Every structure is written in C-alpha cells, then in structure tokens.
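Please have a careful look at the chain shown here before reading on. The report below moves from the whole fold to single residues.

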Amino acid sequence: MNFDSNQIQQEDYINLYKSILKPRLIEEKMLILLRQGKISKWFSGIGQEAIAVGVTLAMHSDEYILPMHRNLGVFTTRNIPLHRLFSQWQGKANGFTKGRDRSFHFGTQDYNIVGMISHLGPQLGVADGIALAQKLKKTNKATCVFTGEGGTSEGDFHEALNIASVWQLPVVFCVENNGYGLSTPSSEQFFIEDLAERGAAYGIESHIIDGNNIAEVYEKMTYIFEEVRKKPKPVLVEFKTFRRRGHEEASGTKYVPNELMNHWSSKDPIDNFETYILDKNILNNSEIEHIKTDIKSEIDKHLQIAFNEPQVESSVDDELKETFAPYDSIMVKPDNNKTSEKRFIDAISDGLRESMRQHNDLVIMGQDIAEYGGVFKITEGFVEEFGKHRVRNTPICESGVIEAAMGLSICGIKSVVEMQFGDFVSSGFNPIVNYLAKVYYRWQQNADVVIRMPCGAGVGAGPFHSQTNEAWFTKTPGLKVVYPAFPEDAKGLLCAAIEDPNPVLFFEHKALYRSLRAQTPEGYFTHEIGKAQTVNFGDKISVITYGMGVHWALALLEDYPENTIDIVDLKTLKPLDTATILSSVKKTSRVVVLQEDSAFGGIAAEIAAWLSEHCFQFLDAPIKRVCSLDTPIPFAENLEKNYLANSRLKTTIDELLKF
C-alpha cells in the first residue's frame, strides 16, 4: 500500500495517524463495554477508519457532513468531546439526544454534523437540501454525505443523485463499498462491479478511491472538495473497503469466507499506515506508544465523566413539550377594512405570495410549479416575481424533495413543498413520518417545512387523485395537520403554517378550489393553528367536522329549525382544539363526528374516543360517526356519491335527534 504523496507534509502524516488511531482505540474500548453490558449496541467501523477520517480532514469544519453509524472518525475528527459521545451511547442526558435515540442517530449544529436515521436513504436527500441552501446563500461551501453499498439500491439514492445533478448542487456522495449489506454480499445487491459507474447515468463525475489508504483518501478528497467549492457540482465517490465486524456485534461474521477476511485484515488501514510512518522515520516506536497512551488516557477520563452522570430522567410534560420546536406565535390580524371576494384557490395563492414576500428566502418546490404555475395554477406568476431559484420545478421524486426541504431547514431556510395531488405523498411518506416528525424530539433540530396537500373527492378523479388521507399523519407525533374550509382560513392558516418552525401538512380540498367564494382580507395575516371555530350555533346536536364536511353540514341547515345544529369547524386536526369540542357537546348532549375520509382508523374515531373518555356525563345519545365507505374512492359519479359520507349525514342527524 503506497502512502507516498507530494502534497502531504510530515506534520500532516502525524495528524493523519493520530486521527485514524483515535476511533480505533475508542472502538476497542466500546467492544469491551458492550460485553460488560455498559452499552447496548455497537456498529463497528474497524477497518474502515481511513474513509471517515480522511474525508472529514479534507473538509472545512464549517461544512456539513452527514455520516453513517460506522463513521466514528467523523465525530472524533470534528473534535466532539468524548464524554458527550459516551453519554450518547449510554442513553444519558448529556448525550445529543437526551436518551431518546441511540448510537449515531443524532446531529449537532455545533459541529456541522447531521446524523442518520435507520432508514439510511433520507440523509442523501437532506444533503441535497443543505447543498441547495449553500448554493442559494453563495457560501462556496461543499456538503458531504455517506452511504453504504447496500444503500445505493434504495430509491432515495437515485432521487438524491438526480436532484443534485439537475440542480448542480455542491454535494459529494461518499459510498463505502464494504462488501456486505448485513449478510448479503455485493454480488447479490447489484450487477455492476463499480458503484461509481452509477454517476454516469446522472451526468455526475465519479471517482474510485482505496478506502483503506488514509493518504489517498485525504489527498484525493481534498482536491475534490476544492473543485466543488470553486464550481458547484455533485460528485460520486466510491471507496473500496471491507466490513471486518458484523453488521452490528450480535450479527457476527460467520457468513464471510476466511480467505476474504484474511485478505482484508492484511489491508488494515492503521497497521499499514503505522508501518509506513515508522519506515519513513516520521515517528518512532516510543513516540507512537506515547500517542496511544495519551489517547487511551483521554478515553478513560471521558468515560469516567459519562459513567458518573446519572441515568436520564424526564417527565410527561417535558416529553410532550419537546416533541415540537418551541414557537411563540404572534398573530397578525387581518385588515377587515380591505377585503375582496376570493375563490378558495385564490386565497391559497395569496397566502403563498404574501409569505414569499414576508420571508425573502422562502423556497417553494414542486412538480410543474414554476412557469406552468402548477396543475391548479396556484403559483402562476410566481417565477416572474420571485425567480426560479425560489420557485423550483422538481423532478418526479417526492421523497427526495421532502428530504431536500429538511436540509434547507437545517440551514435556516423555510420551504413549502407542493404535492401535485395529496395522494402522491405516499411516495414521500418515509421522510415525513420518520425524519421530519421525529427530528426535533431526537436532537432538537426543527423541520421548518410545509407540505401542501391538494385532496378530496367529489370531482370524479378516482382512487389515485381523490383521497383525503389526513389520518396517515394525525397518528404521527411531531406533525401538525391543518385542514381549512373557507378562503380566509385557508390564507391565514397557510401563512401561520409557514411561520411555524415545525412540519405542517396543509390539506386543501380540490372541490372547493373554484366553487367556493368569500370576502377575504387583503395583505398578510395569520390565523391561529390549533383553534377551532363554531360556524353555526345550535343547542340540539353538535356536528364536529372539517374541510368539505363543514359545507355538507351547512347545506343541511335549511332542513331543521333555527338553532338546532351546532357546527364546529376544527380547522386544525393536530393539535386538536378539544376545548371547543367540549363546549359544544356540553351544550347539545348529542354528537355527530363527520369526515370525508373512510371510517376505520380516521380522525373521527379518535375524536369519538376522546368524547367517550371526557364527555360521557354530558351525552344523552350515542356518539355517531359519519364517514365515507371503507373502500377506495370510485370514479363514476353515482359510485362516488354512494361512497361519500354526506349521503348519510341527514339520516344520522335525524336518528340522534329522536333520543
């Protein structure tokens, strides 16, 4: 193994040796602690240290790096205090996740590190978003993200490379080809010899580097990062290496042939580099022993700090409070002296436009939203006012775009992602429920992302363009879900959702877009998220609903005497305004919970359960749910009418009024 280089000075060789040795000595200690039961899990990077260390040393300390769980060298090279790492691995409060997540599943803005989640792929798109932020801010900084050879089979990998290529983002994708995805060899994962070949398919420059040669990694990556900083572009780098321990320690390595293990043991990046610096008289044996003693002493000292730390404690209030980023919402009141009649769709467009003016770096992303203005023309004319750098057409890759929005948030930039149809969010489900929803709870990083969801039936669009799938997200802690029914609410709540630093799913019923008009204030204003409103007052029966359900209920008022039906428009489904619900039920003693979504597992079921727990003493009749059928949404008009809940609403109200 040749470590000679004209670019690396003697002091650099010494720093490389110290840097690569440190994670190895920590790992050896962690393996002992694992056997002693003092840590619960370990993912070993023994044999791969040269990659993490060499790449990190080649970067600037203020550039973001997104490592995996075998990249301990990233954390040590960024000089994170070891006791904090040890606390993290022991689930102590002084760790980076306060005991809420394990191993390397964390990030830290203090060291410009963004950790992975177990689903592997999303961090690649997050790196795109960080790189996009750097490009928009013209910082001339690079971003680096790691994945393994197994991760390159995930759709997120291909979406991330495609987005980075189309947008020419300054991001370096580092693939550690270490031979096995858990126990599955590379030969059963992909049918090419070199993963670097995948770069060509996306027009991306690619390189292959010996991942066990610290000098080669450092020298070549230094050059690559310099080039990316000069002229933003994505680069794909494949590191040839090998995983010499199990996927995690409990897995073992029995599936690896002995001759293959022996081959890679002979290529150990530390043993060979140590031999080199001894042969070149860069260090002598005594100096090397002194370095090892110092590192081991540092490890022991910091371990003791972590051991002395008490076990983590919390409270119900603290856990609930830290699910969302704190936000002191300041309501901007509408100017009711300046109103005009607006369609529902125009109010949404106005809310977006006013927010783009309010936040001069807010980015909107979605399919066909730029010059075309989106399939519903909500962003028509936006490019002329705000430019294509802020109104960005995206490839058809919902997952990668949502992940990029997360990356923008890490860099302090708000974003709105438009789902062309709310149904298509299923293609981006993973980053929403596993990344955006959990990121603040895990390591106090907010996800300042709004996802617009054109939804709903009644327009003859069939099973793939008509769903109202809010229940997919109300179940997930960490997400806010907003579902307005009127133009003013649509505008004010959208502006408020964009102000909110937490992830918000914003549902817009397509059938209301051009059918509903109302006087709506001009200019910028916000409405309170989490606040319901009684839109008709009655004392005989409560209809608790939202979205199109509000209009179904209002349409029935002429069939009943005045002051019969109390209609509560929830407006926000998460957080839910239970106080307004309670007030209505106390007054009427009869409740219908109405939703357009199918019945089983919907938000109506959750509200009914809450009512039975908290309002039983006020009820004079059973709680009734009125929902659409538990079938996919049909296309033909008569079938769709039969599917929808409103056809059964009046019958249910009449039945309850007889109690």
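What follows describes the overall build of the chain, then its nonpolar cores, and then a few individual positions.

This is a predicted model, in which local features need pLDDT of at least 70 and side-chain atom pairs count only at pLDDT 80 or more, while totals for chains, interfaces and linings use all residues. Residues are numbered from 1 along each chain as its sequence is written, and side-chain values use heavy atoms, with hydrogens and water left out.

**Overall build**

The secondary structure of the chain comes to 25 helices and 21 strands, where helices (H or I, at least four residues) and strands (E, at least two) are DSSP runs numbered from the N terminus. The C-alpha trace spans about 95 × 55 × 45 Å along its principal axes. A compact globule of 659 residues would have a radius of gyration near 26 Å, and the chain, at 28 Å, agrees with this; the radius is taken over C-alpha atoms, and the globule rule is 2.2 Å times the number of residues to the power 0.38.

Of the 659 residues, 59% count as buried, a term that means under 20% relative accessible area, with exposed meaning over 50% and partly exposed lying in between (1.4 Å probe, protein chains only). Among contacts (heavy atoms within 4.5 Å) between residues at least 6 apart in sequence, 79% join residues at least 24 apart.

**Nonpolar cores**

A nonpolar core is a set of buried Ala, Val, Leu, Ile, Met, Phe, Trp, Tyr and Cys residues joined through side-chain atoms within 4.5 Å. The largest one holds 143 residues, of which V55, W89, M221, F273, I451 and F473 touch the most other members. Helix α1 (residues 10-35) gives the most to this core, with 10 residues. Apart from this core lies another, of 53 residues, which includes F376, W552, I567 and I653. Not counting residues up to four places away in sequence, W89 touches I26, M30, I39, W42, L72, S103 and F104.

**Individual positions**

Y513 belongs to helix α20 (residues 510-513) and R229 to helix α8 (residues 214-230). Leaving aside neighbours within four places in sequence, Y513 is in contact with R343, F344, I345, I348, F376, I378, R452, P454 and E508. R229 and S647, by contrast, are 418 residues apart in sequence and 61 Å apart in space, C-alpha to C-alpha.

| Residue | Relative accessible area |
|---|---|
| Y513 | 1% |
| R229 | 11% |
| S589 | 12% |

Most residues other than glycine have a negative phi, and most peptide bonds are trans. N140, in the loop between α5 (122-137) and β2 (143-148), has a positive phi near 60 degrees. S589, in the loop between α22 and β20 (591-598), likewise has a positive phi, of about 70 degrees, and is not a glycine. The peptide bond from K574 to P575 is cis, with omega near 5 degrees, and P575 is found in the loop between β19 (572-574) and α22 (578-588).
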